[in-house]
2 protein chains.
Amino acid sequence: MITGKNYIGNLLSSIGHKTFKTFNPQTNLENKEVFTEASEIEIEQATQLAASAFKLFKKVSGSRKSEFLNEIANEIESLGDTLLQMYCNESGLPVDRAIAERGRTVFQLRTFANLVKEGSWVEAAIDTAQPTRTPIPKLDIRKMLVPLGPVVVFGASNFPLAYATAGGDTAAALAAGCPVIVKSHPMHAGTGELVATAIIKAAEKTGMPNGVFSNLNSSGVAVGISLVKNSKIKAVGFTGSIQGGKALYEMAAQRPEPIPVFAEMGSVNPTVLLPNSAKTKGASWAKTYASSITLGAGQFCTNPGLILGIKGQDLSNFIQVLCEEIVKVEPTCMLHPNIVSAYESNKTKILAHKDVEVKGTIYKEVKPNYSRQIITTVEGATFLKNTNLHQEVFGPFSMVVQCENAVQLEEIISKLEGQLTGTLLAEDELENYSTIVEALQNRVGRIIFNGVPTGVEVCPSMVHGGPFPASTDSRFTAVGPESIKRWGRPFCFQNWPNSLLPNELKNENPLAIERLVNGVKTLDKI
Amino acid sequence: MITGKNYIGNLLSSIGHKTFKTFNPQTNLENKEVFTEASEIEIEQATQLAASAFKLFKKVSGSRKSEFLNEIANEIESLGDTLLQMYCNESGLPVDRAIAERGRTVFQLRTFANLVKEGSWVEAAIDTAQPTRTPIPKLDIRKMLVPLGPVVVFGASNFPLAYATAGGDTAAALAAGCPVIVKSHPMHAGTGELVATAIIKAAEKTGMPNGVFSNLNSSGVAVGISLVKNSKIKAVGFTGSIQGGKALYEMAAQRPEPIPVFAEMGSVNPTVLLPNSAKTKGASWAKTYASSITLGAGQFCTNPGLILGIKGQDLSNFIQVLCEEIVKVEPTCMLHPNIVSAYESNKTKILAHKDVEVKGTIYKEVKPNYSRQIITTVEGATFLKNTNLHQEVFGPFSMVVQCENAVQLEEIISKLEGQLTGTLLAEDELENYSTIVEALQNRVGRIIFNGVPTGVEVCPSMVHGGPFPASTDSRFTAVGPESIKRWGRPFCFQNWPNSLLPNELKNENPLAIERLVNGVKTLDKI
């Protein structure tokens, strides 16, 4: 079933000489399939094809793009157990998670299918001519969003489906009218190939141009760098580490023609436990957070890695229950030995601080690649002084910072780097801590009241992004239909013949979309 | 009247030691006012004040921001002849232009005032809770745009009012809720100080926080670099040269916390004269273009610097009339001796190519700082081979490229760098040249049918931007109400208490704005 080859548009290709295998962390063995890394020639072919495909794809109607996206979803579902099995073999994640993530992936594809079928996402705006205006006549001007061009997508290690080959970035870019080249994640190249096959089948079935999608295998950084530097590429979507995302971002800025990079990167997702909440609901939140911290071995970008409270008996009680609960959770398998070793090494760096205390962890031996969850504590002053304690430890790790008082708590929050989320646990006391709430708002993309940051709903009101380094551009979200805005640019027609305008802007409004006409939103014709 | 000092928030300050004067190109003499460049201490003070002001200003209602913006417009108008005189003294532009540009400036301010008073620009989206959803309940999630933080604005040399101190970037940033620090343009520091005084007065009258606006004098690049690198600054707006814009863009990308830079830069604004148009309307377009090329001494970012046609008698006739007409235009004053010398030096570089011909120019002596307009021609093959001929010559310069055929014309267009505008002059023939039209669309932000690129209407459908190097981010426009999107980011509240939500997101919809509620646009309460 798996060829190990690259999809250069519709054709399988493997002219390169570098091969690699994926790894099953549950069995602690390599998987049997052999993948061939894309060569420079294949990279050039894929980008050439994408550029040619763009000329046709950008003119494909929303209705036909919708068929394409829906067909991708159908083809992914048709892969059935083959996909689920490959997903589990390459990630160590349980089959229930595979099913749930596949559900999210096809939901995203169908959400974008509906969005582009409806059509008003292009934000059509029309100002009609006023030939008699003085001192100078006003010309007819019309605007809509158009696709940027070929987009390169770097999938995430922790979501082999939903933030990968046919994940949110790809679905949004295709919906916008941009051909996509996926730099397949080396940890799940097989899952990637299966999904790529589904996309290629869907493209062929629905008559999309060859080159609308390519899938390139890679075992290291070379393929990605080559793609980002390629002049045919007009934008980049990335989900992964701060180091990787920032490197691509700077590389793209230094191109002769700089291009936008939307990178969704690290986050410690601070949670603030306010005093009344600690007093009356501390134990209950401790149980909830023990689950949230260990969910999926803590391998979520919204994992709560930092809990901030004000020193005292209530916070101590919270920590005690959190530790009691977290050690009850059975250790689970991480995605890859490299992720395990990064987890261990990042933990070790944090624990090297003499003032960081381990409060609860699993000491017993665990299976290879299984992670031992851990709760640490530190004083507010120590945390403030040591910004290396602010860094994400990707895995089932959380640090509770015991602040002296609300002033120190606010100072800590205001000195954090940008975050995807911030959470307030509070009982009728939020208004007394407005400066803390505001400091947190200033640092995050999403703020949560009495809940956990894990769980990112796919809906129009979601923001999955935030100030750097949560993302490279806080003006966009990586999740939800609005994420399509990353891949489109406004384009303006002045005095253009009506018959040659795109349907979105014609007088007749043939798509019956809402448009801003002379400053008024309307479904009317002109 | 002019103090020559910096506005550090509401206070005038001049503790630095570097001073400079502006220049009147009409008299060819320095103006008398002495300006003191902002010192590092003052830069730090201004950014600190802006960061403090942001905490208050971001919570100011749309209605109150609207009062502030309208009051700025009123105060600018109240400056009366003092402002007009200073404008003319510092730019060499005629008073009619000063009046027109002041009109545009106050129109922009009032447009943004109306936008934020109405309030729906924040794109409020609400997805209400579904506690009984399976397998997991859906939480209440609400999103709106919030301001990024303090913005630095670099004004343009060629628009001392409309793209300067209280120009489009400043008006949009203040409207979004971002404090602004203007790096005043050294060529019109006096005009800048007068307008800054108007802004400060308006801020004080309408009760805006101190630090919502600062105005820093600068004679070179040091102040700007220091501002862009300052960690308190969260975004940059720039209008000027490719060299300057790209340098700031790269600098911002390399900060520990990268920030968005929207730079609107150079453009040669290609115009394509199609064969039937050349045959039947060539002479008429030649007259129109002679005016457009020389308008304001060619000192517009939308000046038509490149005209592409297919070789033959009709194109030759067009060139002949263009030259006859353009030499009739009286030479006019450029903005500054530095602009004149850059114009001369860029012209010389182009004319150094042995295959570039001068077809029409003014040979007679002109007054100091007056520019001699020029029309040059070159063969398509020569133009294709020499990308240095593709560069902008800022001033009343245009090059007519005589292409062998439509294929070469398309190739030339597809190899151009990104442009603000592209124009098609055509008679019932546009459909025969669809690949040329598409190639042009791919390179520009705005495409014009049978017109001139000069003249940028301020309206919702305008796009003033385009692929690099027309701008650093083609996903935004610098002109029109949509330009506010450069300075805002989506922010999401999850499960947040209704009473503590901003008015834009409260159940009651107290602002009566249109919102996307559970996927449906509505003015209703929840």
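The buried residues of helix H3 of chain B pack against strand S4 (23-24), strand S6 (35-36), helix H2 (62-78), helix H4 (95-118) and helix H6 (189-205) of chain B; contact means heavy atoms within 4.5 Å. This is a predicted model, in which local features need pLDDT of at least 70 and side-chain atom pairs count only at pLDDT 80 or more, while totals for chains, interfaces and linings use all residues. Residues are numbered from 1 along each chain as its sequence is written, chains are lettered from A and ligands numbered from 1 in the order in which they are written, and side-chain values use heavy atoms, with hydrogens and water left out.

**Helix H3 of chain B**

- Helices (H or I, at least four residues) and strands (E, at least two) are DSSP runs, numbered from the N terminus.
- Helix H3 covers residues 80-91 of chain B, and its end C-alpha atoms are 17 Å apart, which agrees with the 16 Å that its 12 residues should span at 1.5 Å a residue; the expected span is 1.5 Å times one less than the number of residues.
- Its buried residues are B:Gly80, B:Leu83, B:Leu84, B:Met86, B:Tyr87, B:Cys88, B:Glu90 and B:Ser91. Buried means under 20% relative accessible area, exposed over 50%, and partly exposed in between (1.4 Å probe, protein chains only).
- After H3(B) comes B:Gly92, with a positive phi near 70°.

**Annotated domain of chain A**

- An unreviewed UniProt entry annotates residues 18-458 of chain A as "domain: Aldehyde dehydrogenase".
- Over residues 18-458, chain A is 43% helix and 18% strand, with end C-alpha atoms 38 Å apart.

**Salt bridges**

- Over all chains, the whole structure has 54 salt bridges, each a side-chain nitrogen of Lys or Arg within 4 Å of a carboxyl oxygen of Asp or Glu.
- A:Lys246 pairs with A:Glu250, their closest N and O atoms being 2.7 Å apart. The two are four residues apart in helix H8 (residues 242-253) of chain A, so about one helical turn separates them.
- A:Lys246 counts as buried at 15% relative accessibility, whereas A:Glu250 counts as partly exposed at 22%.
- A:Glu457 and B:Arg133 meet in a salt bridge of 2.5 Å, N to O. A:Glu457 lies in a loop of chain A and B:Arg133 in a loop of chain B, so the pair joins two chains.
- B:Glu379 forms a salt bridge with B:Lys311, with the closest N and O atoms 2.5 Å apart. This pair links distant parts of the chain, 68 residues apart.
- Salt bridges that share partners join A:Asp473, A:Arg475, B:Asp473 and B:Arg475 into one network.

Terms used:
UniProt positions are given in the numbering used here, feature names are shortened, and annotations may be inferred rather than shown by experiment.
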